[in-house]
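Have the coordinates open and follow along.

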Amino acid sequence: LGAPIDDIYSKNDPMIEIAITPNRPDCLGVYGIARDLAAAGLGTLKPLTVPAINETTSDKANIVAPTDQAGLAACPVFAGRIVKNVKNTESPDWLKNRLTAIGLRPISALVDITNYISYSHGRPLHVYDLAKVTGAIGARLAKAGESFTALDEETYELSETDCVIADEAGVLGLGGIMGGLESGCTEATTDVLIESAWFNPISIA
């Protein structure tokens, strides 16, 4: 009785706001900021250890690269990996609290993990329900007359200069901006495709 409610719910972390200039994308993630602080003598950077994963044929995503120079310029790098037999549930409290603290709304474990990695390591990811992906997937420029329904449930008409992520059935999302509703993960999702890509910043802007 009488204790600060922030202490009880562990919401008493100090908040640090950092203005990032366009030439410092390495500091768009917490790890990048920690690296900079360590270089200045403020603490020691913890090593980022990533265990090796034995890749099998079933883990490899069916990726198709753009066949035109404009498409390649819009998305020079597109990678994917399949992860099977997952269970999409509500995220644990520690993860929800960390996302909420920086103004994000927790959605589900699969989505929250990608958002966490985006902000912790400056590496945006997107996760697709593999069962909703038809054939090969990749980045390309939109075709005249194409549209898609985004995760905000709005339908967007696309132009031929828009970079999209598409499978053999159509557009799945707007590259580097927003994923599509139809290929999104739900509680029924069991197999996913994780996308990691680099989009031309001028094109996205």
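Q: Which residues is Ile165 in contact with, leaving aside its neighbours within four places in sequence?
A: This is a predicted model, where local features need pLDDT of at least 70 and side-chain atom pairs count only at pLDDT 80 or more, while totals for chains, interfaces and linings use all residues. Residues are numbered from 1 along each chain as its sequence is written, and side-chain values use heavy atoms, with hydrogens and water left out. Taking contact as heavy atoms within 4.5 Å, the partners of Ile165 are Phe78, Tyr128, Ile137, Gly138, Ala139, Gly170, Val171, Leu172, Gly173, Gly175, Glu195 and Phe199.

Q: In the largest nonpolar core, which residues touch the most other members?
A: A nonpolar core is a set of buried Ala, Val, Leu, Ile, Met, Phe, Trp, Tyr and Cys residues joined through side-chain atoms within 4.5 Å; buried means under 20% relative accessible area, exposed over 50%, partly exposed in between (1.4 Å probe, protein chains only). In soluble globular proteins, nonpolar side chains tend to be buried together. Here the largest such core has 15 residues, and the ones touching the most other members are Cys75, Phe78, Tyr128, Ile137 and Ile165.

Q: Which strands each supply at least two residues of this core?
A: Strands (E, at least two residues) and helices (H or I, at least four) are DSSP runs numbered from the N terminus. By that count, the suppliers are β1 (77–83), β6 (163–166) and β9 (192–198).

Q: What is the strand order in the open sheet of three strands?
A: Two strands pair if DSSP finds at least two bridges between them. Seven bridges join β1 to β9, with Ala79 having Ser196 as its bridge partner in β9. The pairing in this sheet is antiparallel, and the order is β1-β9-β2.

Q: Which are the edge strands of the open sheet of four strands?
A: This sheet is antiparallel and goes β3-β6-β7-β8. Inside it, three bridges join β6 to β7 (residues 171–174), and Ala166 stands opposite Val171. The strands that pair on one side only are β3 and β8 (178–179).

Q: Is Arg140 buried or exposed?
A: Arg140 sits in strand β3 (residues 138–141). Not counting residues up to four places away in sequence, Arg140 touches Glu146, Asp162, Cys163, Val164, Ala166 and Val171. Its relative accessibility is 19%, so Arg140 counts as buried.

Q: With which side chain does the side chain of Arg140 make a polar contact?
A: A polar contact is a pair of N or O atoms within 3.5 Å; within protein, one must be able to donate a hydrogen and the other to accept it, and residues adjacent in sequence count only if both atoms are side-chain atoms. For Arg140 the contact comes in at 2.8 Å, and the partner is the side chain of Glu146.

Q: What covers the buried residues of α5?
A: Helix α5 (residues 109–121) has 13 residues, and the buried ones are Ala109, Leu110, Asp112, Thr114, Ser118 and Ser120. Their cover includes α2 (30–39), α4 (93–101), β2 (126–129) and β9.

Q: Which residue follows α5?
A: Its phi is positive, near 65°. The residue is Gly122.

Terms used. Expected span 1.5 Å × (residues − 1).
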